[in-house]
Amino acid sequence: MPAPTNKRVKNKRISRNIIIGSEAFTLPPVGDPNRPKGIPDDHTKRWTVYVRQPQGDPSLTTWLNKVQFKIFNTYENPLRTCENPPFEVTETGWGGFPIDIRLHFQPISGEKAQYRQHFLQLEKYGDERQQAQQEASGLVRSEFLEVVQFNEPTEALFEALTMDDQWNYLQLPAKGGKKAAMMAQLGQRPKRGYPGGERSAQLPDKADDNIAFSQEQEHALILSIKEKIGIVEKSLDEETKRREQTEKKLKALRAELGHEAAQQAAQQASGDRSRRR
Ligand code: SLL
C-alpha cells in the first residue's frame, strides 16, 4: 500500500457546518418522587452540551475524529473526551459557565485541532415569547451554527469530503415523491455526480435520472424566487401608495371635522353668550 501523502489540493476550499449547542432541563425539586436519585441537592438542572451536524448534511465523522469538552473544574474529570458520536456530555448542576471545545480532525486531514467555546446557558433568555416557551417546556436550548473550513485539504480528505457515502446515514423515506420511491425501489440514493467529470463538492451542472439536484435547478429556483420577490415588492409599493392616499384623505377629513367642530363650538359659545345676556 502506498504511504499516505500529505499532498494538498490547490485552490480548493471545502467547508462544513456544525451545530454547537446545549440543552438544559429543570430537575424536579428535592423531595419530589420524580427527582432522580444520587444528584446533589443544590443541582437544579440536567444539561447536555453537544457538537452535531445539521440535519441532512453529510456525515461529520468523515472529517471529525474526536471532540473534547472542558467543563467547570469542580466536576469530576473535567476534560471529557468523545471518541465517537454522539459528541456530547450530559451532567447536572446549578450554574452556567463557558465550555472549551476542542475539535480533533481525522488523521487523513493533516489538520491541527481547533478550539471553539460555548456558554452553557441554563437560565431562560430571549424575548418574552421565547422565555414563556422555555418556562412552559422546562427546556432551555442555546445553539450556534459554526463553520469549519478546509483550505487546500489533503488529497485524502478532499476525496473523503467529495464521496457519495457521506450521505449513507440518511435513509430515504419510503414515501416521498416519485423519484424517492423509484430510488428506494432500486435501492439507490440520488447520485450527486461530478461536474465536468471532476470530483467536487459542488452540485453537478445538470440533472438526469440518476441526479436529483443540479446547479441548473438551483439557478432556476433562484430566478423564480427573485421573480416572486419582485411581485411581492410591487404589491408592497402599491399598498404603500394606497396607505398614503388613505392617510391623506383621513387628514383632510380630520381637518374638515375639526373645522366643523370648531364652528359648532363657536356657535354654541355665542348661543350661550346671547342666552346669558
Ligand atoms: C458562577 N460561573 O460562578 C459560575 C460557575 C459553576 C456551576 C458555575 C456544579 C458543579 C459541581 C455547578 O453547577 N457548578 O457539582 O461540581 O456562578
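Reader: How many bridges join strand E1 to strand E2, and which way do the two run?
Author: Eight bridges join E1 (residues 13-26) to E2 (residues 45-52), and the two strands run antiparallel. Strands (E, at least two residues) and helices (H or I, at least four) are DSSP runs, numbered from the N terminus; two strands pair if DSSP finds at least two bridges between them. The model is predicted: local features need pLDDT of at least 70 and side-chain atom pairs pLDDT 80 or more, while totals for chains, interfaces and linings use all residues. Residues are numbered from 1 along each chain as its sequence is written, and side-chain values use heavy atoms, without hydrogens and water.

Reader: Which residue in E2 is the bridge partner of Ile-19?
Author: The partner of Ile-19 is Arg-52.

Reader: What is the order of the strands in the open sheet?
Author: The order of the four strands is E5-E2-E1-E8, with antiparallel pairing. E5 (87-93) and E8 (139-151) stand at the edges with a single partner strand each, so one side of each has no neighbour in the sheet.

Reader: Now E3: which strands does it pair with?
Author: E3 (residues 64-70) is joined to E6 (residues 98-105) by six bridges, antiparallel. E3 also pairs with E4 (residues 79-82) over four bridges, again antiparallel.

Reader: Where does Phe-69 stand?
Author: Phe-69 stands opposite Ile-101 in E6 and opposite Arg-80 in E4.

Reader: What does Trp-63 touch?
Author: Not counting residues up to four places away in sequence, Trp-63 touches several residues, among them Arg-16, His-104, Val-148 and Leu-161. Contact means heavy atoms within 4.5 Å.
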